[in-house]
Amino acid sequence: MFATYRKGNSLLHRIEARTKLLLTAGTGILVYLADPLGLGLLSIALFLLIRVAGIPASSLVKGLRPMVIFFAMIFLTHLLLQGSGVVASAIPVARFVLLILFTTVLLHTTSQSELKMALVALMKPLGGFGRELAFMVGVAMALIPGLMRDKETIARAQTARGCKPAGLRGFVALIVPLLRRSFRRADELSDALESRCYHRDREYYYYGGALAGKDYLLLGGFGAVLVLILVL
Amino acid sequence: MIELAGISFSYPGRPILRDVNLRIRRGEYLGVTGDNGSGKTTLVKLLNGLLLPQEGRITVGGASTSDRESLLAIRRSVGIVFQNPDAQAVGETVEEDIVFGLENIRVPASEIDRRIDSYLGMLGIKELRDRNISLLSGGQKQLVNIAAVMAMEPACIVFDEAISMLDAGNRKNVLQRISRLNSRGTSIIQITHNPEDLSNCHRVIAISDGRISQQGLVEDAEEANETNKGKEGRGGREGGGKFRDRRTGPGSGVFREGCGIGIRHLSHTYNPGTEWAVPALRDVSLTIGKGRVTGIVGGIGSGKSTLACLIAGLDTPASGSIAIDGRPPEPGRNVRILFQHPEEFFFERTVREAVAFGLSKAGLPENAVGRRVLSAIDEVGLDRSVLGESPFHLSSGEQRLAAFAISIAMKPQYVILDEPTAGLDQRSRKRVLDAIRRMTRGEGAGGGGVTVIYISHRIGEVLEVADRVVVLDAGNLTFEGTNATYRDRM
């Protein structure tokens, strides 16, 4: 569903990951609170961000496609069950679309490692629990490409056996080997982590540094706008 | 440095190690061999406290692995590179992956930088430093895993079948680096099925039925190595520069249109048009004659697996064409492929169900299915008693043969085997090679006569069974000819 990171040197790529993560979270609040006019303004802001980051439209469409049924269900629920008008029923859908697209912008311009390090830094106040949580999220993100590759390989292997990945039998043919592989991979990874001396008190010091002035400026400005909207 | 005294270990209902006594000295280079399931990996996991012995005591530098307080120090002393290259990476990039272990042991940032450069350089993969690990080949990933463990500079490094999947050139390089580390005082434990990987060992032990059945000196390994020379050893860098300019022209085989596999001007690139674009095959033309074994060999990233998937019809080439008996490849119909570790794709409850699955799906009557199942099991050399067993409970070698039986039962004309002996011990490997010979020579009850395309990074093994040899190097075809021609040109 979500986009993959694309290397680049745009303004958005150059903003510190912690700042982007906080701004995206803040934008989520704005999307939730905004009225139709606000949603329109956010859409314009999103359009500008997409242009600045150089994200291809095809990638955005690809990210939204798996959610189409979900969007349709939300729309129809509001329209038919709650008796809302067409425009009123489209607003919750618009909120979801905007949330997904803002997240897509974040993921397109921030690598997994940058995100992991941002989580580590932001969760630092939570102590050991925060570090472990950030580490687990990071490991889970690192496992995703392997899982996707396993799914692909298994589907190909079963296709090569003449077993099409469709229907209940096809699902079983895919899910049984995938689960076995995933559990085994998790076991093996856990052995590798422990063998490389992983411990919960480990420090992250090779990457990262203090936020720069522009990050504080961005966060401060955005925070002020958010507070104003909440107060007014 | 490491001492095992009276070690026993069992999984529920299955004893693995029994009363093992072993002493590994500082600076020693120890080789460990043994069949699949003999307990080698269990032994490895006991060495740094990943598993704890149920009986006996293991000490590393005087500290017991059962003492939780000492575990971190023990793991700092005993580094392990495991077999599966896909399940050891933590970072997104190569650099991050190496940083992970070094941060764990609190190496200063400037020293981290130096070690990353030094160990990547030592293994000849410095250019991979900023690359995304998930986009590397299996061999490249394993080199990164080796670099990550070496960079932690433990007193002892255990290689658990860690170099078996490297091509000959990289294996030779890694073995040289390991020897150099050993000469500087690092203890090495090399777990392997390949006798030639043991030639630098000071001592070799074999594990059988959970016991150390044999302890020998380096000469034993050298003797084993000699036996294998002329096979693997002469391979040198498969797909390397030696074969350049000896390329035979397309169609130099016995290919006639409409018979065998014709590959014309095949090119393929992964992630085309992106920054991760990887050219995998470049203008490859060759002919694979019917009813024989054609070995396709090459080093890491040579394009052999890409070629296999294209022939199997699982991918569409960027340009060029493939014809099987004059028709395009149809996966599961006119060509079948067995990926590496095909046993991982089982999903049926019994071997009988697994072999019968495709036959029933093809609409064969029940009695015909039964006959085909039996003949396929006979042909691969499995005992019929395995039919009622769960495929997951068979030994690794038997699982591999059962996977062969699944393919053979469908009476395919063309079968592609991708690294069919990967991870198997010598005995299982021999059974697999025997099964391949039977498949092609029509000696089996299944009728034989199958055309086999044998993909491997191990030229010695390919030469044991292949009639023709195709060598790929960085996506280019560098040799195509008979087994004898290949041997002559070595």
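This is a predicted model: local features need pLDDT of at least 70, side-chain atom pairs count only at pLDDT 80 or more; totals for chains, interfaces and linings use all residues.
Let's start with chain B and its strand β7, residues 156-160. Is this strand buried or exposed? Five of its five residues are buried, so β7 of chain B is largely enclosed by the rest of the structure. If you look at the side chains, B:Cys156, B:Val158 and B:Asp160 point one way, while B:Ile157 and B:Phe159 point the other way.

Now, what pairs with this strand? Strand β6 of chain B, residues 78-81, runs parallel to β7(B), and four bridges join the two. On that side, B:Gly79 stands opposite B:Ile157. Strand β8 of chain B, residues 187-191, also pairs with β7(B) in the parallel sense, over five bridges. There, B:Cys156 has B:Ser187 as its bridge partner. Between them comes a helix: β7(B), helix α6 (residues 168-183) of chain B and β8(B) form a β-α-β unit, and it is right-handed.

On to the charges. How many salt bridges are there over all chains? The count comes to 37. Let me pick out a few of them.

In chain A, the side chains of A:Asp150 and A:Arg185 meet at 2.9 Å, N to O. A:Asp150 sits in helix α8 (residues 128-160) and A:Arg185 in helix α9 (residues 167-195), so this pair ties together parts that are 35 residues apart in sequence. Both A:Asp150 and A:Arg185 are buried.

Staying in chain A, A:Glu188 and A:Arg184 form a salt bridge at 3.6 Å, N to O. These two are four residues apart in helix α9, which means about one helical turn separates them. A:Glu188 is partly exposed, at 24% relative accessible area, and A:Arg184 is partly exposed too, at 36%.

Back in chain B, B:Arg203 and B:Glu28 meet at 2.6 Å, N to O, in another salt bridge. B:Arg203 belongs to strand β9 (residues 203-208) and B:Glu28 to the loop between β2 and β3, so the contact links parts 175 residues apart in sequence. Both partners, B:Arg203 and B:Glu28, are buried. Chain B also has a network of salt bridges that share partners, with B:Arg171, B:Glu196, B:Asp197 and B:Arg429 among its members.

Finally, the surface of chain A. A nonpolar patch of about 590 Å² is made by A:Ile29, A:Tyr32, A:Leu33, A:Val225, A:Ile229 and A:Leu230. Helices α2 (17-33) and α10 (213-231) are the elements that give two or more residues to this patch. A:Tyr32, from helix α2, counts as exposed because its relative accessibility is 65%, over the 50% cut-off.

Thanks, all!

Methods. Residues are numbered from 1 along each chain as its sequence is written. Chains are lettered from A and ligands numbered from 1 in the order in which they are written. Side-chain values use heavy atoms; hydrogens and water are left out. Patches are made of residues with over 30% relative accessible area and no salt bridge: like charges are joined within 9 Å, nonpolar side chains (Val, Leu, Ile, Met, Phe, Trp, Tyr) within 5 Å. Accessible areas come from the Shrake-Rupley method with a 1.4 Å probe; for residues, only the protein chains shown count as cover. A salt bridge is a side-chain nitrogen of Lys or Arg within 4 Å of a carboxyl oxygen of Asp or Glu. Buried means under 20% relative accessible area, exposed over 50%, partly exposed in between (1.4 Å probe, protein chains only). Two strands pair if DSSP finds at least two bridges between them. A crossover is right-handed if, with the strands pointing away from the viewer, the path from the first strand over the helix to the second runs clockwise.
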